[in-house]
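Me: Can you walk me through this fold? I'll ask as we go.

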Amino acid sequence: MYKHILLPIDGSDLSLRAADAGIALARQLGARVHALHVVVPLPAVPFLNEIIATSDAEYADSAEEAGARYLAAVRERADAAGVPCQCSLETDPRPHRVIVAAARREGCDLIVMGSHGWRGLDRLLLGSEAQRVILESDVPVLVNR
């Protein structure tokens with residue numbers, strides 16, 4: 001059925017639980033997984049430009065280190081399950097676009113990701129990357145909550 005599953009992770013327990021579900025599914029199907037972490041850069045705010053400029057490099061290094069740890073955790077879980085795993089880390093202010101593009105580029109036929117399940121005002125203010133992926137993806141999206 002599915003041969004290559006994309007696992008977008010943000011480091012939260014929720015995204016790691018979704019990764020576990022994707023790995024378990026891949027194991028049952030004899031599929032492989034691709035773990036993806038998207039680093040969102042600090043937004044540029046004109047009046048804080050000097051402050052952000054000094055901390056932007058520190059933030060980028062810290063965020064990439066954290067992303068590498070998240071990806072290593074998924075790789076360990078996949079290795080323990082005997083599931084082939086590739087990992088990638090990208091930087092973009094719109095994670096949903098990177099996720100959809102990665103699924104196309106890597107030839108993934110399923111995306112398994114977590115959702116916080118925000119509703120109402122929280123959803124309006126914070127948005128939903130899962131919902132955006134569902135709307136833009138050419139492949140099925142399995143949302144784990």
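**Sheet and packing**

Reply: Five strands form an open sheet in the order S3-S2-S1-S4-S5, with parallel pairing; two strands count as paired if DSSP finds at least two bridges between them. Helices (H or I, at least four residues) and strands (E, at least two) are DSSP runs, numbered from the N terminus. This is a predicted model, in which local features need pLDDT of at least 70 and side-chain atom pairs count only at pLDDT 80 or more, while totals for chains, interfaces and linings use all residues. Residues are numbered from 1 along each chain as its sequence is written, and side-chain values use heavy atoms, with hydrogens and water left out.

Me: Which are the edge strands?

Reply: Strand S3 (85-91) and S5 are the edges, each pairing on one side only.

Me: And how many degrees does the twist average?

Reply: The twist averages 20 degrees from one strand to the next. Axes here are lines fitted to C-alpha atoms, for helices over the stretch in contact, and angles run from 0 to 180 degrees between N-to-C directions.

Me: What does H1 touch on the sheet?

Reply: H1 packs on the sheet and touches S1, S2, S4 and S5. The direction of H1 makes about 170 degrees with that of S1. Contact means heavy atoms within 4.5 Å.

Me: Which strands does H3 touch?

Reply: Helix H3 (residues 95-106) touches S1, S2, S3 and S4 as it packs on the sheet. The angle between the directions of H3 and S2 is about 150 degrees.

Me: Back to S4. Which strands is it bridged to?

Reply: S1 is joined to S4 by two bridges, and the two run parallel. Ile5 has Leu110 in S4 as its bridge partner. S4 also pairs with strand S5 (residues 141-144) in the parallel sense, over four bridges. In that pairing Val112 stands opposite Leu142, and Gly114 stands opposite Asn144.

Me: How many of the S4 residues are buried?

Reply: Five of its five residues are buried, where buried means under 20% relative accessible area, exposed over 50%, and partly exposed in between (1.4 Å probe, protein chains only). Leu110, Val112 and Gly114 lie on one side of S4, with Ile111 and Met113 on the other.

**Cores**

Me: Which residues have the most contacts inside the largest nonpolar core?

Reply: Ile5, Leu7, Val33 and Val74 do, in a core of 17 residues. A nonpolar core is a set of buried Ala, Val, Leu, Ile, Met, Phe, Trp, Tyr and Cys residues joined through side-chain atoms within 4.5 Å. Strand S1 (4-9), H1, strand S2 (32-39), H2 and strand S4 (110-114) each give two or more residues to this core. H1 supplies the largest share, four residues.

Me: What is Val74 in contact with?

Reply: Leaving aside neighbours within four places in sequence, Val74 is in contact with Leu7, Ile9, Leu16, Ala19, Ile23 and Ala35. There is also a second, separate core of 13 residues, which includes Leu6, Val100, Ala130 and Val133.

Me: Which H1 residues are buried?

Reply: Leu14, Ser15, Leu16, Ala18, Ala19, Gly22, Ile23 and Ala26 are buried in H1. Just after H1, Gly30 takes a positive phi of about 70 degrees.

Me: What span should H1 have?

Reply: The 17 residues of H1 should span 24 Å at 1.5 Å a residue, and the end C-alpha atoms are 24 Å apart, which agrees. The expected span is 1.5 Å times one less than the number of residues.

Me: Is Val38 buried or exposed?

Reply: Val38, in strand S2, is buried at 11% relative accessibility. Not counting residues up to four places away in sequence, Val38 touches Ile9, Glu90, Asp92, Pro95 and Val98.

**Salt bridges**

Me: New topic. How many salt bridges are there?

Reply: A search of the whole structure finds six, a salt bridge being a side-chain nitrogen of Lys or Arg within 4 Å of a carboxyl oxygen of Asp or Glu. One of them joins Asp20 and Arg77, with the closest N and O atoms 2.9 Å apart. Asp20 lies in helix H1 (residues 13-29) and Arg77 in helix H2 (residues 49-81), so the pair ties together parts 57 residues apart in sequence.

Me: Which residues are linked in a network?

Reply: Glu90, Arg105 and Glu106 are linked in a network of salt bridges. Glu106 and Arg105 meet at 3.4 Å, N to O.
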